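Dear colleague,

I am passing on the structure we discussed.

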Amino acid sequence: MTGTEPSTSVDGVPTETAGWSSMTTHVTSADAVPTTPTLDPGTEHGYSGELSAVLIPAATLQAKIAELAAAVAADHDLDTPPLLICVLKGAVMFVTDFARALPIPSELEFMAVSSYGSATSSSGVVRILKDLDRDITGRRVIIVEDIIDSGLTLSWLLKNLATRSPAAIDIVALLRKPEAVKVEVDVRYVGFDIPTDFVVGYGLDYNERYRDLPFVGLLGEHMYR
Ligand code: PRP
């Protein structure tokens, strides 16, 4: 993939093609730094002994967010600010850091969706729990997602938002699990490709826990088996 391919369209709305592969850092299980009883970054957040490893440290996340923000700003050519759509709840940490890293003004909207399926995999059937508060006609919309797993949520959301006549829709995803993807979605800005391990932290939860960690870690198997 390259970053210079022409735009494709989702239901008539221009979107950017997948690209920017040079921006995406590939993280493997070998990059995970195991926790030990004496070195466990979960401890200072009250999660002592619950994580097996740190996969992406906080400083690495923040450096990548600055890079993503610079790229999004460089591509912005409309007079109106981009409208960041945060998909609750997982993306909330990411969108706040991302908006603050953007060197241009932006506006914020929130959407909450729920996909039918098991606790660990979505079905692609999505229900809106909280919709946008305003019209997005003519706006450059940027969907801000914490993670693309199967891609089903994003695929549905893209189609839904495309019916509302935005000028363009881009997607910024901090994490993607390429081996889990069931539906390919054109995502212009991806921070990290990660393995299919059970990741938590920086917005990602297990039973609503661990969202508050400032890094992405691997959950110890003893916590969910
Ligand atoms: C997570 C994540 C994405 C979605 C990705 O949300 O925030 O929205 O799953 O999965 P997919 O690519 O397989 O569709 P989740 O439904 O866990 O809700 P949450 O953000 O409130 O934790």
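Predicted model: local features only at pLDDT ≥ 70, side-chain atom pairs only at ≥ 80, totals over all residues.

Residues are numbered from 1 along each chain as its sequence is written, and side-chain values use heavy atoms, with hydrogens and water left out.

Helices and strands are DSSP runs (H or I, at least four residues, for helices; E, at least two, for strands), numbered from the N terminus. Helix α1 spans residues 58-74 and helix α2 residues 92-101; their axes come within 8 Å and cross at roughly 55 degrees. Axes here are lines fitted to C-alpha atoms, for helices over the stretch in contact, with angles from 0 to 180 degrees between N-to-C directions. That makes α1 oblique to α2 (under 35 degrees is roughly parallel, over 145 roughly antiparallel, 65 to 115 roughly perpendicular, and the rest oblique). The crossing is right-handed, meaning that the near helix is turned clockwise from the far one by less than a right angle, anticlockwise being left-handed.

Contact means heavy atoms within 4.5 Å. On the α1 side it is made by Gln62, Ile65, Ala66, Leu68, Ala69 and Val72, and on the α2 side by Phe94, Asp97, Phe98 and Ala101.

Gln62, in helix α1, is partly exposed at a relative accessible area of 34% (buried is under 20%, exposed over 50%, partly exposed in between; 1.4 Å probe, protein chains only). Leaving aside neighbours within four places in sequence, Gln62 is in contact with Asp97 and Tyr202. Its C-alpha atom is separated by 9.6 Å from that of Pro214, 152 residues apart along the chain.

The whole structure has five aromatic pairs (rings of Phe, Tyr and Trp, the last by its six-membered ring, with centres within 6.5 Å; planes under 30 degrees apart are stacked, over 60 edge-to-face, the rest tilted). One of them, Phe198 with Tyr206, is edge-to-face, at 5.2 Å centre to centre and 90 degrees between the planes. Phe198 also pairs with Tyr224, tilted, at 4.7 Å and 45 degrees. This second pair links distant parts of the chain, 26 residues apart: Phe198 is in the loop between β11 (189-193) and β12 (199-200), and Tyr224 in the segment after β13 (216-219). Phe198 is partly exposed at 23%, as are Tyr206 at 22% and Tyr224 at 25%.

Regards
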